[in-house]
Amino acid sequence: VSFFKTTTGVWVVFAALFAGAVSLQMLYERQVVVPPVDVSTNLSPQVVRAVNLGLNTASASFLWITLIQTLATPGPSFESMNLAARTETINALDPKFTYPYSFATLVIPGFLPSETQRAIAIAKHGIAENPGDWRIPYYLGVTYHAVLSDTKNAALYLNLAANTPGMPPAMRATALNYGTRSDIRSQTREIW
């Protein structure tokens, strides 16, 4: 006990702890890092429900986080990420979770034009499940306008968004004035 009360003893203990920490850090840095396998890419809602002990909302949130992280990871192509299928799984687990619907509606057609109709189907399902969310119909209107050049459906969904409570006033004005611009470029600029 008296050894730890001396200045030399304190320095010896400090040096031993420091040497231990350095040794552990060196061992850690020598380990080969294997990137984790993203198991969420091919999971169906039935499989997730079978193992999640009824925690559908938590599972949907976890899968959503892994999907967003996958987008930020360099390397995989958008085709290999199964964006639409993963979004459908998330929405099947928690139909009231609106961000995946909005994501699918706005992002998937831009990165995967071949999946545009699937993204539209996801959005329509989201509108049916969440009639109080203005983002999904607004983004669907934007998709019809920007990707498909379908002004009729764009106006329909922008009007639906404009009549949804909670929409910001400036965006409501933009949605209500859709189709009043003389050219497509100024109309697109106003929407964005």
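How many aromatic pairs does the count come to? The count comes to 7 aromatic pairs, where rings of Phe, Tyr and Trp (its six-membered ring) pair if their centres lie within 6.5 Å, and planes under 30 degrees apart are stacked, over 60 edge-to-face and the rest tilted. Please keep in mind that this is a predicted model, in which local features need pLDDT of at least 70 and side-chain atom pairs count only at pLDDT 80 or more, while totals for chains, interfaces and linings use all residues. Residues are numbered from 1 along each chain as its sequence is written, and side-chain values use heavy atoms, with hydrogens and water left out.

**Aromatic pairs**

A pair of aromatic rings is described by the distance of the centres and the angle of the planes. Here are two of the pairs.

| Pair | Centre to centre | Angle of planes | Class |
|---|---|---|---|
| Tryptophan 64 and phenylalanine 97 | 6.0 Å | 80° | edge-to-face |
| Tryptophan 134 and tyrosine 138 | 6.1 Å | 75° | edge-to-face |

The pair of tryptophan 64 and phenylalanine 97 links distant parts of the chain, 33 residues apart. Tryptophan 64 sits in helix H4 (residues 56–72), whereas phenylalanine 97 is in the loop between helix H5 (83–93) and helix H6 (98–106). Helices here are DSSP runs (H or I, at least four residues), numbered from the N terminus, and strands are E runs of at least two.

Tryptophan 64 is buried at a relative accessible area of 15%, and phenylalanine 97 is also buried, at 15%. In these terms, buried means under 20% relative accessible area, exposed over 50%, and partly exposed in between (1.4 Å probe, protein chains only). Tryptophan 134 and tyrosine 138 are both buried. Elsewhere, ring pairs link Trp11, Phe14 and Phe18 into a cluster.

Among the buried residues of H9 are Ile136, Tyr138, Leu140 and Thr143. H9 (residues 135–146) should span 16 Å, and its end C-alpha atoms are 16 Å apart, which agrees; the expected span is 1.5 Å times one less than the number of residues.

Threonine 105 belongs to helix H6 and is buried, with a relative accessible area of 1%. Leaving aside residues up to four places away in sequence, threonine 105 touches Ala119, Ala123, Ile136, Tyr139, Leu140 and Thr143, contact being heavy atoms within 4.5 Å.

**How H5 and H6 pack**

Two packed helices are described by the angle between their axes and the distance between the axes. For H5 and H6 the angle is about 155° and the axes are 9 Å apart, with axes being lines fitted to C-alpha atoms over the stretch in contact and angles running from 0 to 180 degrees between N-to-C directions. That makes H5 roughly antiparallel to H6 (under 35 degrees is roughly parallel, over 145 roughly antiparallel, 65 to 115 roughly perpendicular and the rest oblique). On the H5 side, Leu83, Thr87, Ile90 and Asn91 meet Pro100, Tyr101, Phe103 and Ala104 of H6.

**Two loop residues with positive phi**

Leucine 53 is not a glycine, yet its phi is positive at about 55°. Leucine 53 is placed in the loop between helix H3 (45–51) and H4, and is exposed at 79% relative accessibility. Serine 149, likewise not a glycine, has a positive phi of about 55°. Serine 149 is found in the loop between H9 and helix H10 (151–162), where it counts as exposed at 56% relative accessibility.
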